[in-house]
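Visitor: Could you take me through this model, with the cut-offs behind each term stated as we go?

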Amino acid sequence: MLKSSGRVSLDLMHVSDWVPTLYGLAGGDTSKLTDLDGVDMWDTISKGESSPRQELLHNIHPSGGEAAMRYGQWKIVVNASK
């Protein structure tokens, strides 16, 4: 089912993307999945198309004040405790 195999992808993907990706691959209508942060990544995985995801939240640690987020090629890291 992979139209573009044997490659390495540098596109952004998060673990939350697996539910809509696998649901859509199984024939489900991903527009009916509400209140999810994930996006269907099948075209990115199978065809090598650009990822629909531009941002990725890496970490939020409220008690320690640390956080990290990536947008495109930019990443911001916050360490409020130091």
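Guide: Buried means under 20% relative accessible area, exposed over 50%, and partly exposed in between (1.4 Å probe, protein chains only). This is a predicted model, in which local features need pLDDT of at least 70 and side-chain atom pairs count only at pLDDT 80 or more, while totals for chains, interfaces and linings use all residues. Residues are numbered from 1 along each chain as its sequence is written, and side-chain values use heavy atoms, with hydrogens and water left out.

Visitor: Is Arg 53 buried or exposed?

Guide: Arg 53 lies in the loop between helix H2 (42-47) and strand E1, where helices (H or I, at least four residues) and strands (E, at least two) are DSSP runs numbered from the N terminus. Because its relative accessibility is 9%, Arg 53 counts as buried.

Visitor: Which residue does the side chain of Arg 53 meet in a salt bridge?

Guide: Side chains of opposite charge can pair when their charged atoms come close. A salt bridge here is a side-chain nitrogen of Lys or Arg within 4 Å of a carboxyl oxygen of Asp or Glu. For Arg 53 the N to O distance is 2.5 Å, and the partner is Asp 17. The pair links distant parts of the chain, 36 residues apart, with Arg 53 in the loop between H2 and E1 and, in the segment before H1, Asp 17.

Visitor: Which backbone nitrogen does the side chain of Asp 17 reach at 2.9 Å?

Guide: Asp 17 has 0% relative accessibility and therefore counts as buried. A polar contact is a pair of N or O atoms within 3.5 Å; within protein, one must be able to donate a hydrogen and the other to accept it, and residues adjacent in sequence count only if both atoms are side-chain atoms. A polar atom of the Asp 17 side chain lies 2.8 Å from the backbone nitrogen of His 14, while the backbone nitrogen reached at 2.9 Å is that of Val 39.

Visitor: How far apart are the closest N and O atoms in the salt bridge of Lys 47 with Asp 43?

Guide: Both Lys 47 and Asp 43 lie in helix H2, four residues apart, which is about one turn of the helix. Lys 47 counts as partly exposed because its relative accessibility is 39%, and Asp 43 counts as partly exposed because its value is 35%. In the salt bridge that Lys 47 forms with Asp 43, the closest N and O atoms are separated by 3.4 Å.
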